[in-house]
Amino acid sequence: MGNDIKELEDIARQLRIDIITMLNKAKSGHTGGSLSAIDILTCLYFKEMNIDPADPDKPDRDKFVLSKGHAAPALYATLARAGYFDKAELATLRKYGSILQGHPDMNLVPGVEMSTGSLGQGLSAANGMALAAKLDGAPTRVYVIMGDGEQQEGQIWEAAMTAHHYKIDNLCAFVDNNGLQIDGEVEKIMGIEPLADKWRAFGWHVISINGNDIAQILEALDEADRTKHRPTVIIAKTVKGKGFSFCAGKVKYHGVPPSDQELEEALKEIGGSATPHQI
Amino acid sequence: MEELLGIRESYGEALAQIGAENKDVVVLDADLSGSTKTSLFAKKFPDRFFNMGVAEQDLMTTAAGFAAAGKIPFASTFAIFATGKAFEQVRQSIAYTKLNVRVVSTHSGITVGEDGGSHQAIEDIALMRSLPNMTVMVPADGIEMKKMIRHMLDFKGPVYIRGARNKYPKLFDDDYKFEVGKAVTIREGKDATVIACGYMVSQSLKACDILKEKGYDVGLVNMSTIKPIDTGAIIHAAKVTKAIVTADEHNVIGGLGSAVAEVLGESSPCLMKRVGIKDIFGKSGSAGELVKRYNLTPGDVSDAVMQVIRKRDGQ
Ligand SMILES: Cc1ncc(C[n+]2csc(CCOP(=O)(O)OP(=O)(O)O)c2C)c(N)n1
Ligand SMILES: [Mg+2]
């Protein structure tokens, strides 16, 4: 695809607009965690992954699992822009009869590889997909995004053991390390630090980056591709609600959509400046 | 002497057979492969066997990942852990997704024996049949288990098969015809009908013999698919005998008895009685002792049948 960094930044900016627009229309949904993860999704879908939106079931394709399924708006905006389905669908988010359920449904949305929503399960599912690819001798790589609050789920660490034990090196997991969960700061609710040490102790190759920096994400993905015999986790420091001052870094906007006024101001903010946005 | 067949041994043997025929079969276990007999598959196909360690939640969701990638995963552990510990994983990643995961348990019911109440799943049928998209089956003998497992190669959608620790009396021959969702009439009878599954089918067959000696002509239906349940067979039995007894090695709340009562209540009300575990946990003891203590003997079934017949006849 060869999109350069500037191009990817433009895509991410457009996807941010799509995300807050669809959330405002839906009048419910998860703003903060969608915006913190969108730069990672942009890099995966518009640069890294071997996929064909015109043929979602293409054999040997790469796969993505959104373990933190509540960031569905980010995935939907990404898939629509990639061409998996008509962008007009985005306006139906969370409405009765929509393919765009509150959390991703693999049986409804082209391009969604695994239904998620219950936190803690995505890494296990990705392990299964990656192991299946190894059995088939397929070149498939599997990518996952987890939340940092989600790291509190016990099953994450079961899956962490599995990926190491079976040397699942065609797997690359991200932790969207935005520091916040529903009830407040992750470190105050149930501390997960030192997170990198934990993953290292579980036998993973750990890369720590700024997860809202396209260049750093791409570099980390390259390093993950080159890492053999063990899985890679990219601990991506991000800002929850990144991109708009109404929600950036604010706990409240975990599951609150922008009001009409907030949307209007946010669009002005992002459109009005050449550099993407200030936080 | 009646011939006994191991339920879990039959499972393991069937896995090893279909594994040789279909390369997409993969098997996952959670440190109980010696007990569930998935070890029989593991020995033949080590590359397609995945021991997940003592991690049932990871077991179930990883199996879902395999299925999403086109494999036919069998995920096995004891019934209580498969359906209880990992309930929400089975719900989110297997039932909700409609993936072709075959959750096959062993060690259901009180015939687990000595391990006691912590290990005796008496609620797994209730849990699994409450999940949309889930097919729930209970084999009545080793032959039926083998037929079920073979069926799983072509069957679409998530399945729970309730296996057991103990050997059951052999009921069927190799030419037994198994079909998902189809009840099998083992014995016709006009005075009452027993509808049973699993171990309680052979127990109920003995009950029918006891009743025959007393002059009652009692039918027996093997309801090996609990969901989708064969409503036609239940309604037919209700119309013919107007006296139904259900028997399963499960809590009377939510198991086969409830499933049959739901059909009867909505479609063909008639008197019925449920033989099962009376909403209490199990205990340690030999399987034989527990079957007596928990009132799951042929005598208990025949008593229940006579009670329903008497009630029906206004005695
Ligand atoms: C098993 C489970 N428990 C609870 C929830 C409700 N829930 C949704 S999001 C969330 C917090 C997640 O925090 P984090 O992983 O940090 O996500 P992010 O900050 O990226 O939005 C919770 C508790 C859930 N979806 N699944
Ligand atoms: Mg967070």
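Trainee: What does the backbone of Glu150(A) do at ligand 1?
Mentor: One of its N or O atoms lies 2.9 Å from an oxygen atom of the ligand, a polar contact (a pair of N or O atoms within 3.5 Å). This is a predicted model, where local features need pLDDT of at least 70, side-chain atom pairs count only at pLDDT 80 or more, and totals for chains, interfaces and linings use all residues.

Trainee: Which atom of Asp148(A) lies by an oxygen of ligand 1, and at what distance?
Mentor: A polar side-chain atom of Asp148(A), at 2.6 Å.

Trainee: And Lys240(A), how far is its polar side-chain atom from the ligand oxygen?
Mentor: That Lys240(A) atom is 2.7 Å from an oxygen of ligand 1.

Trainee: How much of ligand 1 gets covered?
Mentor: Alone, ligand 1 exposes 590 Å², and the protein buries 76% of that; the areas are Shrake-Rupley values with a 1.4 Å probe.

Trainee: Which residues come nearest to ligand 1?
Mentor: Of the 17 around it, Lys68(A), His70(A), Asp148(A), Gly149(A) and Lys240(A). To count as near, a residue needs a heavy atom within 4 Å.

Trainee: Switching to the magnesium ion, ligand 2. Which protein donors does it have?
Mentor: Asp148(A) through OD, Asn178(A) through OD1 and Leu180(A) through O, lying 2.1 Å from the ion. Donors are N, O and S atoms within 2.8 Å of the metal (3.2 Å for Na, K and Ca), and sites may look incomplete because water is not among the atoms.

Trainee: What spacing do those donors follow along the chain?
Mentor: D-x29-N-x1-L. Asp148(A) is in the loop between β2 (142–147) and α5 (154–165) of chain A, while Leu180(A) is in strand β4 (residues 180–181), so the pair links distant parts of the chain, 32 residues apart. Helices (H or I, at least four residues) and strands (E, at least two) are DSSP runs numbered from the N terminus.

Trainee: Where are the cis peptide bonds?
Mentor: One joins Glu193(A) and Pro194(A), with omega about 0°; Pro194(A) is in the loop between α6 (186–190) and α7 (195–201) of chain A. Another runs from Lys227(B) to Pro228(B), omega near 0°, and Pro228(B) is in the loop between β12 (225–227) and α10 (231–241) of chain B.

Trainee: What about phi at Arg94(A)?
Mentor: Positive, about 65°, although Arg94(A) is not a glycine. Arg94(A) is in the loop between α3 (72–82) and α4 (122–136) of chain A.

Trainee: How do the numbering and atom sets work?
Mentor: Residues are numbered from 1 along each chain as its sequence is written, chains are lettered from A and ligands numbered from 1 in the order written, and side-chain values use heavy atoms, leaving out hydrogens and water.

Conventions: A polar contact is a pair of N or O atoms within 3.5 Å; within protein, one must be able to donate a hydrogen and the other to accept it, and residues adjacent in sequence count only if both atoms are side-chain atoms.
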